[in-house]
Structures are given as structure tokens and as C-alpha cells.
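Here is a short walk through one structure. Please keep the sequence and the 3D view at hand while reading.

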Amino acid sequence: LTSCGQQGSFSQEENKELAGVVKDVVADRVPVYVGIGRESDRAYTTAMLEHAGHIDATAAVVLCYDMDADQQVAHFQELNHVGFPLVAYTAGDGSKRLQRIEDILALDNVIGAKATIDLRTPGNVDYFHRVVSTEKPVLQGEDVVLLEGLQEGAVGGINAIANLVPE
């Protein structure tokens, strides 16, 4: 649920409403992961994390694109203290990547990672191995390499293609 980065396209109230509707519709039949990050907008992130807990979502997916490595770790440490399950969202091969992923995944309430990493790019394979080696569950987020991600150690995927309904 807005765990592929779409939360930036909606207002905070729209995201809260969407999360509540999804939670009601699935009625605990499947996990609900709520995307809560909007880069460095901490007020938005905190409000969405509180809402994810209020609706009893399974976990919150956290992204923090516009922070340096130390700021990313500090951000996750701050959210970790809330005590709600978090999924670290790491993406690409530049500023969207969580540089100190091992430190982030070592936090108690960070239950795993969504790694939107294109494994067709050689340098990305090494990074993906770093993520998987933490032994926390990793979900591949890059649709076109979902199979490769599973072969490299991911346990599943959070993919935009899951929203596709063929006729």
C-alpha cells in the first residue's frame, strides 16, 4: 500500500484514508504494509507511522531519499524507538540507496527490507548481497528482476506489477 513510493503523490489525509480503507477491505486476510516516508518530512513520517499503528497495519515501509548515510541511520533509530515494525526501503544505485543498510537492519524493530535494486547492473548485485546477508527478510522491489532477486536470497517481492489485472 503506497509501498512503491506512491505516497508522495497523495496528501497525508488521502494516504491515511487509503490505508484505512485497505485495512478494512482485507480484514486481516493478508498483511498490510503502509508506506510512511516522504523523504525528510519527519512530521509526515511520524503522523503516518502513528496512523499505521492506529489501524493495526502489519508494518510501515520507510524511505528516506534525501538524507546522507548518517542521517538515514539516525532517522531509523528515531523511528525504531516507537516500537512498531518497520521495513527499510532501499532503491537504485545512488541517493535512494540506504548506504549503511547493515546498521539499519540491525535495529530491533526493523523487520526486513524492500530492495528495489536492478540486479542486471553489476555493482548492484554486491549491494543486494549485503542486504540479504543481514539475515532479515528481503523483498525484491524491482519487477523485472523479481526471479533473480529470489534466486539471490529475497523471500518475496513488493512489486508494482502486483497491481496489474490482465483481462
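**An enclosed strand and its partners**

In strand E3 (residues 86-91), 6 of the 6 residues are buried, so the strand is largely enclosed by the rest of the structure. Buried means under 20% relative accessible area, exposed over 50%, and partly exposed in between (1.4 Å probe, protein chains only). Helices (H or I, at least four residues) and strands (E, at least two) are DSSP runs, numbered from the N terminus. This is a predicted model, in which local features need pLDDT of at least 70 and side-chain atom pairs count only at pLDDT 80 or more, while totals for chains, interfaces and linings use all residues. Residues are numbered from 1 along each chain as its sequence is written, and side-chain values use heavy atoms, with hydrogens and water left out.

In a regular strand the side chains alternate between the two faces of the sheet. From E3, Leu86, Ala88 and Thr90 point one way, Val87, Tyr89 and Ala91 point the other way, and all are buried.

Two strands pair if DSSP finds at least two bridges between them. Strand E2 (residues 59-62) runs parallel to E3 and is joined to it by 3 bridges; Val62 stands opposite Ala88 of E3. Between these strands the chain passes through helix H3 (residues 69-80), and this β-α-β crossover is right-handed: with the strands pointing away from the viewer, the path from the first strand over the helix to the second runs clockwise. E3 also pairs in the parallel sense with strand E4 (residues 110-116), over 6 bridges. Gly112 in E4 is the bridge partner of Val87.

Elsewhere, Glu102 lies in helix H4 (residues 101-105) and is partly exposed, with a relative accessible area of 33%.
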